[in-house]
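Let me put the structure up, and then I'll walk you around it.

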Amino acid sequence: MSRLLVIGCGGVAQVAIQKCAQNSMVFTEMCLASRTVSKCDALKEKLEKQGCPVKITTATVNADDTQDLIKLIKEYQPDAVLNVALPYQDLTIMDACLECKVDYIDTANYEPEDTDEPVWRAAYEKRCKEKGFTAYFDYSYQWAYMDKFKEAGITGLLGTGFDPGVTSVFVAYAKKHYFDEIHTVDILDCNGGDHGYAFATNFNPEINLREVSANGSYWEDGHWIETKPMEIKREYNFDQVGMKDMYLLHHEEIEALGRNFPEIKRIRFFMTFGQSYLDHMRCLEDVGMLSTTPIKFEGKDIVPIQFLKALLPDPASLGPRTVGKTNIGCIFRGIKDGKEKTLYIYNVCDHQECYKELGSQAISYTTGVPAMIGTALVISGKWKKPGVYTTDEFDPDPYMEMLNEFGLPWVVDENPVMVD
Ligand code: NDP
């Protein structure tokens with residue numbers, strides 16, 4: 001018996017909710033709450049028509065407002081809150097969970113909506129100098145809840161999507177079963193899908209474009225090395241997808257893995273992009289459309305990247321038209337029984353299969369399934385540990401079993417081609 005409150009009802013949330021409905025042994029009641037409640041109502045209706053055994057209710061909530069969240073949590077009395085809204089809401093939702101002593105789960109690291117806010121900006125600039133990476137997000141804001149969550153006896157599970165999320169579980173699993181020491185990790189995120197648009201993003205455009213237009217960076221010998229955006233390029237031949245160009249990006253799991261596995265000498269993250277995507281992004285950036293700083297337009301303040309989001313296709317609508325596969329995983333080099341060893345753990349996911357099953361494309365699917373798995377493990381007590389943790393800090397085995405069971409089976413290749 002459990003009650004789950006889900007915040008957000010976008011592309012990722014819709015997969016996570018439908019997957020919770022498939023796991024009714026763990027999730028018996030769910031409240032779907034978001035800014036636009038009509039999306040929650042439509043999903044509730046779809047699930048009820050399918051005969052879903054989970055008791056579903058819906059609610060309107062403004063997740064930027066901690067008091068509004070506290071009111072809803074007190075009314076609904078959930079066992080856990082799954083945050084699949086935006087990273088901007090991480091801290092308000094964590095505050096509400098703390099006040100109500102309820103477990104908290106999310107899929108993405110906190111970042112502020114307004115990166116010009118003076119207090120945040122001053123702390124950001126200090127962090128850039130001290131730590132050596134300039135991404136808008138970092139774990140410090142959420143890790144700062146460690147003692148408060150411990151005192152309240154609640155668990156905070158951070159970043160249980162695919163990357164971060166599954167990729168960090170792959171690291172914990174490789175360490176537990178295949179290596180005495182891991183020396184390098186390359187995380188490869190390949191989307192071989194084609195949606196037929198000249199330009200669209202596969203998840204929230206604002207968050208996605210902020211991430212990929214930023215400087216790259218990687219972790220080496222205990223510190224960050226920062227690169228210009230898209231400065232480091234490699235080619236890789238992905239199983240079931242083929243040869244793709246991929247570029248080194250900063251990515252949030254590197255920060256947690258660097259801290260939690262100090263033995264790892266180098267951690268890099270690569271994502272594939274086609275030339276058309278890069279050309280469009282460069283042009284939009286050059287004309288100022290990726291800016292997060294408001295400008296005055298006909299007497300009104302508008303944020304260019306938010307205006308662009310309104311023009312682009314809704315990622316949740318790409319499902320019917322996206323064909324092809326994703327291939328996401330980690331390549332390791334390390335030592336086992338005194339000998340050098342390499343290993344590749346990855347998942348291949350087919351966009352059209354996801355659409356047939358849940359009506360979504362594979363990016364939302366590969367994020368929403370692990371969001372359900374992390375939540376199920378916290379609620380069932382297997383990953384219950386007061387404090388705030390990333391997915392690499394728990395026993396990986398039950399998570400890996402559930403990936404196989406709930407649609408993201410993985411492959412272990414003990415003789416992979418390495419990335420130079
Ligand atoms: P969408 O933009 O599709 O959905 C966001 C949802 O949150 C919408 O339903 C939106 O409501 C709701 N929302 C936004 N602001 C508020 C608010 N103030 N109060 C209440 N609800 C709000 O995003 P995605 O589904 O693509 O992404 C969801 C999360 O998943 C993001 O944090 C993203 O970074 C993360 N992600 C993680 C990945 C991983 O592998 N770890 C990969 C991909 C995404 P409305 O409908 O009104 O707009």
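Lysine 101 isn't a glycine, and yet its phi is positive, about 55°. Keep in mind throughout that this is a predicted model.

While we're on loops, go to the one between strand 6 (155-158) and helix 8 (166-177), where proline 164 sits. What kind of peptide bond joins aspartate 163 and proline 164? A cis one, with omega at about 10°.

The way to look is to roll a probe the size of a water molecule over the atoms, which shows where empty space is left. Here we get one cavity of 30 Å³ or more, and the volume of the largest cavity is about 30 Å³. Proline 164 is among the residues lining the largest cavity, and so are Gly165 and Ser168. Others in that lining include Tyr139, Leu158, Glu253 and Asp392. Sorted by class, the lining comes out as four nonpolar, five polar and two charged residues.

How many residues are around the ligand, and which come nearest? There are 28, and the nearest are Arg35, Thr36, Lys39, Ala63 and Asn204.

Let's go through some contacts to ligand oxygen atoms. With threonine 36, a side-chain N or O atom is 2.4 Å from a ligand oxygen. For arginine 35, it's a polar side-chain atom at 2.8 Å from an oxygen of the ligand. Glycine 11 uses its backbone instead: an N or O atom there lies 3.1 Å from a ligand oxygen. And how much of the ligand does the protein cover? On its own, the ligand has 940 Å² of accessible area, and the protein covers 93% of that.

Last stop, salt bridges. The structure has 24 of them, and I'll show you one. Aspartate 138 pairs with arginine 127, with 3.0 Å between the closest N and O atoms. Arginine 127 is in helix 5 (118-131), while aspartate 138 is in the loop that runs from there to helix 6 (140-143), so this pair ties together parts that are eleven residues apart in sequence.

That's the tour. Happy to go back to any of these spots on the screen.

Terms used:
Residues are numbered from 1 along each chain as its sequence is written. This is a predicted model: local features need pLDDT of at least 70, side-chain atom pairs count only at pLDDT 80 or more; totals for chains, interfaces and linings use all residues. Side-chain values use heavy atoms; hydrogens and water are left out. A residue is near a molecule or strand if one of its heavy atoms lies within 4 Å of it. A polar contact is a pair of N or O atoms within 3.5 Å; within protein, one must be able to donate a hydrogen and the other to accept it, and residues adjacent in sequence count only if both atoms are side-chain atoms. Accessible areas come from the Shrake-Rupley method with a 1.4 Å probe; for residues, only the protein chains shown count as cover. On a 1 Å grid over the protein atoms alone, a cavity is a set of points where a 1.4 Å probe fits but cannot get out, and a pocket is an open set with protein on both sides within 12 Å along at least five of seven lines; lining residues have an atom within 4 Å of a point. Grid points are joined across faces, edges and corners, and a volume is the space filled by probe spheres set on the points. Ala, Val, Leu, Ile, Met, Phe, Trp, Tyr, Cys and Pro count as nonpolar, Asp, Glu, Lys and Arg as charged, and the others, Gly among them, as polar. A salt bridge is a side-chain nitrogen of Lys or Arg within 4 Å of a carboxyl oxygen of Asp or Glu. Helices (H or I, at least four residues) and strands (E, at least two) are DSSP runs, numbered from the N terminus.
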